[in-house]
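Good morning, and thank you for coming. I should like to take you through one structure today, moving from its overall organisation to a few selected sites.

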There are 2 protein chains.
Amino acid sequence: MLQQRSLRLLSSLSQRATRPAATSVAASLRCRTERPYSIHADASVGTTIKDIEPSKLSITRTTTPKALLPPEELVFGRNFSDHMLSLEWTASEGWLPGRITPYQNLSLDPATCVFHYAFECFEGMKAYKDKNGGIRLFRPEKNMARLNKSSARIALPTFDGDALIELISKFLKVDERFIPDARGYSLYLRPTMIGTQRTLGVGPPASALLYVIASPVGPYYPTGFKAVSLEATDYAVRAWPGGVGDKKLGANYAPCIVPQMQAASRGFHQNLWLFGEEEYVTEVGTMNLFAAIKNKETGQPELLTAPLDGTILEGVTRDSVLALARERLEPKGWKVLERKFTMKELADAADEGRMMEVFGAGTAAIVSPVRRISWKGRLVDCGLAENEECGPITGQVKDWMEAIQYGDEEHPWSYKVPE
Amino acid sequence: MLQQRSLRLLSSLSQRATRPAATSVAASLRCRTERPYSIHADASVGTTIKDIEPSKLSITRTTTPKALLPPEELVFGRNFSDHMLSLEWTASEGWLPGRITPYQNLSLDPATCVFHYAFECFEGMKAYKDKNGGIRLFRPEKNMARLNKSSARIALPTFDGDALIELISKFLKVDERFIPDARGYSLYLRPTMIGTQRTLGVGPPASALLYVIASPVGPYYPTGFKAVSLEATDYAVRAWPGGVGDKKLGANYAPCIVPQMQAASRGFHQNLWLFGEEEYVTEVGTMNLFAAIKNKETGQPELLTAPLDGTILEGVTRDSVLALARERLEPKGWKVLERKFTMKELADAADEGRMMEVFGAGTAAIVSPVRRISWKGRLVDCGLAENEECGPITGQVKDWMEAIQYGDEEHPWSYKVPE
């Protein structure tokens, strides 16, 4: 069966390949840190000898196409389309020609560095069907930029983002039938880069694999658009200034599962990561967090989210929500703020009747309304009425985002995949 | 060719497997944190339905045995023995029977969670040939305990450490000819556990693979037993209180490469991780760090290493060096201390003629003498004379450790693999 054939990597030669000296390197490393940590701005790593050349793409179509699942049976990231896009990289040659092949297993030596040292980073993005049957992506250049930042931070190669968008577009045309044609549904794309060097020495990988798989999805939360309850986590810390919490590295995810399970065991959907003695609100589970509260002094409504200080993921949805809110809420008297805020501020707002609403924001869910947050033995109410599953701003943001994502509203953020 | 056949996982069924509720879980999670972070001690995760049963081991021998490399051509973690030991785990069945098979590729779905969320942890340990031709392991129960702590922290399964030692012993008998018979040489063992669930949802893996591969090795540093120079890293942070820096997770390694490359680009062998405003010395590259200095007040010689506060790896070599030093140096007037110490303390000791020696400690190198440390634009001299590559305590520690590891000195730490 073709689907079960393993993808053998050309880079098996890389066992003997040597990495060029660090002086020949190109991509820029930015370690976001805060005082008192000194900033080392001009450091650079990564290398690209030959960049991605979309014209060299080869396509091998499956001979055993899958049946499409009915939309109601779709579960996030469980079923995949017929094909995958793969590109290999070696330190000596750079990016080898891209290949669209049947979706298939990877065949990797057990000493491959991705299994031992977490040389892995990824992106989450979606393809949407618009009302004319066209295929849309949402700000794909942001995902490409972030993947490059993530990969450079762990000594994996960087690449030309526009070239990868071109290849992803071709991949989408090949697997177009897997993009569900219904609001709220999409084809989730998972660009992934892994180090493939087959040695145990701890050093920069001399070979890598970039691949993209695609999973047709409905709403992320199986319960549908229902408000979630969060548990504030103070006994474990997700990220730290000078760490890598702002990069989309595999390394940031596995350590989050146990606190998530702990929260789940006490009846909460997700955990909320606090930071420091001050208990700053950083992010929730795998999403950024927004809070709408009325200013204590002025009563002015404010939309708050944590700043990009190196301890939170630089979410594309976060950035989009901020931009839309600045454009569309500020004229209505809102203030939109990226600033540090504490769990106590949220609790005070709730106690004083100033809490309006709270929501998570991320690619998988777009927005996820929050009903309450467990913190220090109390439940902080996030402003929803008992029979309400979503506040007005949260719902507004979702509608704005979807209108752009599905192409109902023409907007520069919506990228049309060429016919 | 048998060696190139891919190891197909039985757990391919796990795509549909569901994880038991968090309430049925067993292994203990200990999040080491420091004040002001509150400690959550009784949390538990992980599950073991059926534990490892050594009697069910199956052995399939290679039909194409490899030629042995001459000792001088051995490079750490580059060449492997003929076989590997593998055990699969599923949430519904527990540990399936272990298999010794020819060394071969793993065949994994590209959606497998190890590629996306760094569900991976490992151990480093060595097998030695003693003077009677017997096979020895060094404190293997410590590695088993640590692997269990690592795996539980990322929601991977735990296991009976004694049972895995029994299987590793059988594996060593099968590949005995790969254990080099010379002082300083050994067969490096790499027990590795990865999550194998084939879905993109961020949650506890319902299947996992534990495997052990073996690489005959000489000295870790290709330059031999030569003193290294370190660069103190203050612009990036390896670990933090409440994080996972004390576990042997893949997640702790990839983010370290760029600072290591930065140090290398300026001519240093490794980087030294500092922590916090105080610039506490934590660990060096992939080793723990020891410093021998004379007490400022009393002149008494002290052997210092950072305490197990959650920000450093709980090294088996570190623990062994501490125990040996307490037993054998304290009667000679030394003080052996696990305490926080700063880079400034080291610099002051150097300036005031109180610096004796500094060395790294880890399984790969045992000890690695340090000549100097670059810090804030100066070079802190670590006490070696210009023509010296190793201080007396460093050399003493290495001799003590090797005498036990190779079985010259009978010691409870040396585990004899049954004939």
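Let me begin with a convention: helices (H or I, at least four residues) and strands (E, at least two) are DSSP runs, numbered from the N terminus. With that in place, B:Ser320 is found in helix α5 of chain B, residues 316–328. I shall return to that residue at the end.

First, the basis of what you see. This is a predicted model, in which local features need pLDDT of at least 70 and side-chain atom pairs count only at pLDDT 80 or more, while totals for chains, interfaces and linings use all residues. Residues are numbered from 1 along each chain as its sequence is written, chains are lettered from A and ligands numbered from 1 in the order in which they are written, and side-chain values use heavy atoms, with hydrogens and water left out.

On confidence, the predictor gives the complex an ipTM of 0.90 and a pTM of 0.90. The average pLDDT (the predictor's confidence in each residue, from 0 to 100) is 89 for chain A, and 87% of the residues score at least 70. Over residues 1–5 of chain A, however, the pLDDT is below 50, and this stretch has ten contacts beyond near neighbours in sequence, a contact meaning heavy atoms within 4.5 Å. Residues 10–45 of chain A also stay under 50, and there the model has 83 contacts beyond four places in sequence. Where pLDDT is low, the predicted coordinates should not be read in detail.

Now the architecture of chain A. Its secondary structure comes to seven helices and 21 strands. Of its 419 residues, 65% count as buried (under 20% relative accessible area; exposed is over 50% and partly exposed in between, with a 1.4 Å probe and protein chains only). The chain is divided into domain 1 (54–217) and domain 2 (228–412), with bounds from an automatic or database domain assignment. Their contact takes 28 residues from domain 1 and 23 residues from domain 2. The C-alpha centres of the two domains lie 28 Å apart.

Which residue of chain A carries the annotation "modified residue: N6-(pyridoxal phosphate)lysine"? According to the unreviewed UniProt entry, that annotation covers A:Lys248; UniProt positions are given in the numbering used here, feature names are shortened, and annotations may be inferred rather than shown by experiment. A:Lys248 lies in the loop between β12 (228–233) and α4 (257–265). With a relative accessible area of 10%, A:Lys248 is buried. Not counting residues up to four places away in sequence, A:Lys248 touches several residues, including A:Glu123, A:Arg146, A:Tyr253 and A:Leu313.

Let us turn to strand β8 of chain A, residues 125–129. Five of its five residues are buried. A:Met125, A:Ala127 and A:Lys129 point one way, and A:Lys126 and A:Tyr128 the other. In a regular strand the side chains alternate between the two faces of the sheet. Pairing requires that DSSP finds at least two bridges between two strands. β8(A) runs antiparallel to β10 (186–195), joined by three bridges, with A:Lys126 partnering A:Tyr188. Three bridges also join β8(A) to β9 (135–138), again antiparallel, where A:Tyr128 stands opposite A:Arg136. In the hairpin of β8(A) and β9(A), A:Gly133 takes a positive phi near 85 degrees.

What of the nonpolar core, meaning a set of buried Ala, Val, Leu, Ile, Met, Phe, Trp, Tyr and Cys residues joined through side-chain atoms within 4.5 Å? The largest one has 137 residues, and those with the most contacts inside it are A:Leu189 and B:Leu189. Among the contacts of A:Leu189, leaving aside neighbours within four places, are A:Met125, A:Ala127, A:Phe171 and A:Val212.

In chain B, strand β3 (83–90) is largely enclosed by the rest of the structure, because eight of its eight residues are buried. β3(B) pairs antiparallel with β5 (99–102) over four bridges, and B:His83 has B:Pro102 as its bridge partner there. Six bridges join β3(B) to β11 (207–217), with B:Trp89 opposite B:Ala208.

Finally, is B:Ser320 buried or exposed? B:Ser320 counts as buried, at 0% relative accessibility. B:Ser320 touches B:Phe138, B:Arg139, B:Met401 and B:Trp413, not counting residues up to four places away. By contrast, B:Lys170, in helix α3 (161–174) of chain B, counts as partly exposed at 32%.
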